[in-house]
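The following note sets out several points on the helical packing in one region of the structure.

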Amino acid sequence: MSGRLGFQNNRRMQERRRVRVLLPTGDDLSIIIPVKTTCRELFSQVCDLLKLKDPNFFGLSVLTNNEHIFMDLEQKLTKYCPKEWKKEASREVRHSYEYNEGIDHFGPPFNIHFRVQYYVENGKLISDRVARFYYYNHLKSQVLSSQCALREEAYFLLAAHALQADLGDFRPSRHQGRYFQPEAYFPAWVIKKRGGDYIVRHVPAMHQDQAGMSANESQLCYIREAARLEDVPVHFYALFKEKKDDEPTLLLGLTLKGLQIYQGLSAESQQLLYDFPWSNVGKLIFMGKKFEMEPDGLPSARKLVFYTGSPLRSRHLLLLLSTSHRLFMTVQPLLRHLRRLEDSEAQKRYRESYISDALEMELERLGSRARSSGECSGGTNSGNGSVVAGGIAAGRAGAGSFSSVGSTNTSGIESDAKTQPVEFYLSSGVHLNLEACSSVDSHGSSHTSGVGSAGQEHHEGDSPLHEVEMLVDDPSDLVFLQRADSTDDSISSTYIYVTQEDLETPCVNTHAG
């Protein structure tokens, strides 16, 4: 009784609510928070619980009409929650407390998704292994709904990488029969087409081919291959073709490198109408429900006009598109540097493989000549014969030892290929940098959802008729900074370059506490 009265009379406890945070792994977190909590405070708490140090590519979202609406971290959580969540909890506590225990006292949970908000084509851009683990698991769930029928072989390669990442090296004594569920690694249409037995029979051999790769390396391979599937690293949002339409008929795809417009909403009926890399998008304009896209190099009369359905949805799309574009611009020099390093490593491995193969062929030729000479001489023990035989014996031993460190199929090269990958660290404050540096011009508007005005609150009463423009920069205009000690302010302000000093600065991590 005293506990019940104490809770009912505790105003502070009654103002708390329960949220359920759904993770990419399929797990969830139940968190009790004050009703006035901001999205950033919740995001920081989730990152702390997951021990995630690099949250730059993740966000919090709510699922609305089968679309993920990402939260503006500067807003209060009540901006996105259902009205019942703000009211019902305290009423339920008063009327049914005696039947509830533990966290049920705080009412029904508000479901929030912790998921990837910004996709990258190279997993080495994700500095933290915990973050990379959740990024990898997010892609796994995306692959299960992928519909790239012309890339069927890619799903088998992805499954092999995933099995290596999840289970380690294939071991015949442990991995027998149906040691994995095809439904956890393949889209339903692949299983239906090939059959579960076919997959279970053939995938173990591909899993076995990955032997020696660490979980981290396998996750990196998975991220790289999954990024090549056109419907995996993408966010889809329905659009209306006309202002008076009752139902959306178009689909906006935010991809790794730009924007796509599809006719039709379902995967079976989708038809690609426009594919615009960021370099071909001149301007995006949001005005109330209206969404205009001006392709670069074309007259304004050729602009494309769509409708989002509501000013609130327009604000969310503006925030997502502008920050995605800014991140795309930011990582381009890093990606180019990574490609150069990877190309250099590939050339090095090729040279070592070429030298190894050439040496083995030469030793084999000398060995054949020595055997022929020995047979003709009847195995005489002449001095010259002894020298030749000794040389070949030593040569064979040398070939064996050299191949163990030089061949592309031996442990030496595998060890060299598995050296710690070069990783680039983006600033943990990248969300703030994206907002502060975003190319968004607000013409008398206060409803840009934090873009270019981080920390301001935006109210539903803001006029939906104010026009908001997003000017899209051409990534080809970026010049890679060759020297780390460059002091060119015009260039350094374009990118986020992070040094060890940045990582050690106490105020860098604005998300993970």
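1. Helices here are DSSP runs of H or I with at least four residues, strands are DSSP runs of E with at least two, and both are numbered from the N terminus. On that basis the chain comes to 15 helices and 14 strands. The model is a predicted one.

2. As to the chain overall, buried residues make up 46% of its 513 residues. Among contacts between residues at least 6 apart in sequence, 65% join residues at least 24 apart.

3. Helix 6 covers residues 152–167, and its length can be checked against expectation. At 1.5 Å a residue, its 16 residues should span 22 Å, and the end C-alpha atoms lie 23 Å apart, which agrees. The residue that follows helix 6 is G168, with a positive phi near 80°.

4. How many of the 16 residues of helix 6 are buried? The number is 12, so helix 6 is largely enclosed by the rest of the structure. The buried set consists of E152, A154, Y155, F156, L158, A159, A160, H161, A162, L163, Q164 and A165. These buried residues pack against helix 5 (129–143), helix 7 (188–194), helix 8 (196–209) and helix 9 (215–226).

5. The crossing of the two is right-handed. From helix 6, F156, L157, A160, L163, Q164 and L167 take part, and they meet Y198, I199, V203, M206 and H207 of helix 8. By class, the residues of this contact divide into 9 nonpolar, 2 polar and no charged.

6. L167 belongs to helix 6. Its relative accessible area is 33%, so L167 counts as partly exposed. Which residues does L167 contact, leaving aside its neighbours within four places in sequence? They are R174, H175, Y179 and H207. L167 and H207 stand 40 residues apart in sequence, with a C-alpha to C-alpha distance of 9.6 Å.

7. E225 is found in helix 9. With a relative accessible area of 11%, E225 is buried, because the limit for that class is under 20%. Beyond its neighbours within four places in sequence, E225 is in contact with L157, L158 and H161.

8. The axes of helix 5 and helix 9 come within 10 Å and cross at roughly 45°. The two helices are therefore oblique to each other. Their crossing is left-handed. On the helix 5 side the residues are R129, R132, F133, Y135, Y136, L139, K140 and V143, which meet N216, Q219, L220, Y222, I223 and A226 in helix 9. This contact has 9 nonpolar, 2 polar and 3 charged residues.

9. The contact of helix 6 with helix 8 has no charged residues, while the contact of helix 5 with helix 9 has 3.

How values were computed
Residues numbered from 1 in each chain as written. Predicted model: local features only at pLDDT ≥ 70, side-chain atom pairs only at ≥ 80, totals over all residues. Heavy atoms only, no water. Expected span 1.5 Å × (residues − 1). Buried < 20%, exposed > 50% of the residue type's maximum accessible area, 1.4 Å probe, protein only. Contact = heavy atoms within 4.5 Å. Axes fitted to C-alpha atoms, helices over the stretch in contact; angles between N-to-C directions. Parallel < 35°, antiparallel > 145°, perpendicular 65-115°, else oblique. Left-handed = near helix turned anticlockwise from the far one by under 90°. Nonpolar A, V, L, I, M, F, W, Y, C, P; charged D, E, K, R; others polar.
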